[in-house]
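Please read them with the structure in view.

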Amino acid sequence: MPRLTEVIAALEALWPSERAEQWDAVGTVCGDPEAEVTRVLFAVDPVQEIVDEAVGLGADLLITHHPLYLRGTTTVAASHFKGRVVHTLIKNDIALHVAHTNADTADPGVSDALAGALDLRVTGPLVPDPADPAGRRGLGRICELDHPLTLAEFASRAAARLPATAQGIRIAGDPGRTVRTVAVSGGSGDSLFDRVRAAGVDAFLTADLRHHPASEATQQTALGLVDAAHWATEWPWCEQAAAQLDEISDRHGWGLRTHVSRTVTDPWTAHAASAPDTGAPASAPDTTVPPTAGGAGAPPGGSEPAAPADS
């Protein structure tokens, strides 16, 4: 079986730490470089539920998209929830490795996995990496649908294909607008509106859209917005990343066993739909589109401070 240092070298080849944003905190958080690795768990968030799952699974390595410590710390005392995570990992000989913005811009990256979950054909990055001569790396992706849909139909596809969350899927813009081209960005994407408008796409699917950027975007153009839960837009990357490590393991004859956590760690746990016929302002529309939650293919079960293009 490979040592942790060998597996980390393979992960660094997939998602080099130097390609992470300067504010980011990626790489190996804890783990003995000489320890053997037989079982690996992939997840979005390094929270206690995921660490407990790794313990129960007998994993030697946990790979998450979100960092455990995005800012510096002076303590890992178990009296704090992040300290408990560290203590649990070390006591059970489990290493933790993070691939965040370096996985966002990779080829394939987080937005490729998101596009794949929605059956979209990727035509290129939304924000190309100038260091990539092939023009394939970068933040977000520009995509084409297999056939035209209305904005409402595309949102329904997202609700059916992405993991179920309390938020479901929100849309802004004309629900009947025809959508042929889409920009997608896993995670928080409302810092990318200028790029999305420049791309000339019909719709933009991302997460964490705020009131003012979304309002201004819909006022400036007929762009349709599809807002999903942050966790749900990034979870498909876990399956993609596990498949990448499987291929590396097969090539080296390592025999690693990879697993993808299906525990929902989106922080929102419930959703109460508005009742437009009780106490609504006089100018409110007579009807609303019922909120939708994820469905087919969603994992059963059941982060970070604002930063530029944080995914």
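1. How many bridges join strand β1 to β4, and do the two run parallel or antiparallel? Strand β1 (residues 27-30) is antiparallel to β4, and three bridges join the pair. Please keep in mind that this is a predicted model.

2. On the pairing of β3 with β4: strand β3 covers residues 61-64, and its four bridges to β4 are in the parallel sense. Together with helix α3, the strands β3 and β4 form a β-α-β unit, and this unit is right-handed.

3. On H97: this residue belongs to strand β4, which spans residues 95-98. T28 has H97 as its bridge partner in β4, while I63 is the residue that stands opposite H97. With a relative accessible area of 1%, H97 is buried, because anything under 20% counts as buried.

4. On the surroundings of H97: neighbours within four places in sequence are left aside here. The contacts of H97 are then I8, L11, E12, G27, T28, L61, L62, I63 and T64. Two of these names return from the pairing above: T28 as the bridge partner and I63 as the residue opposite.

5. On the two faces of β4: which residues of the strand point the same way as H97? A95 points that way along with H97, whereas L96 and V98 point the other way. Side chains alternate between the two faces of the sheet in a regular strand. All four of the residues named for β4 are buried.

6. On helices α2 and α3: α2 runs over residues 48-57 and α3 over residues 81-91, and their axes lie 10 Å apart at an angle of about 10°. The two helices are therefore roughly parallel, since angles under 35 degrees count as such. From α2, the contact takes in Q48, V51, D52 and V55; from α3, it takes in F81, R84, V85, T88 and L89. Sorted by class, the α2 and α3 contact comprises five nonpolar, two polar and two charged residues.

7. On helices α5 and α9: the packing angle of α5 with α9 (residues 230-252) is about 100°, and the axes are 7 Å apart. This makes α5 roughly perpendicular to α9, because the range for that word is 65 to 115 degrees. On the α5 side the residues are V110, D112, A113, L114 and A117, and they meet T233, E234, P236, W237 and Q240 of α9. The classes in this contact are six nonpolar, two polar and two charged residues.

8. On the cis peptide: the bond between D107 and P108 is cis, with omega at about 0°. P108 sits in the loop that links α4 (101-104) to α5 (110-117).

9. On D119: its phi is positive, at about 55°, though the residue is not a glycine. D119 is placed in the loop between α5 and β5 (121-128). Is D119 buried, exposed or partly exposed? Its relative accessibility is 43%, so D119 counts as partly exposed.

10. On D208: here too a residue other than glycine has a positive phi, near 60°. The loop that holds D208 lies between β9 (203-207) and α8 (211-220). D208 has a relative accessible area of 34% and is partly exposed.

Key
Residues numbered from 1 in each chain as written. Predicted model: local features only at pLDDT ≥ 70, side-chain atom pairs only at ≥ 80, totals over all residues. Heavy atoms only, no water. Buried < 20%, exposed > 50% of the residue type's maximum accessible area, 1.4 Å probe, protein only. Contact = heavy atoms within 4.5 Å. Axes fitted to C-alpha atoms, helices over the stretch in contact; angles between N-to-C directions. Parallel < 35°, antiparallel > 145°, perpendicular 65-115°, else oblique. Nonpolar A, V, L, I, M, F, W, Y, C, P; charged D, E, K, R; others polar. Pairing = 2+ DSSP bridges. Right-handed = clockwise from strand over helix to strand, strands pointing away.
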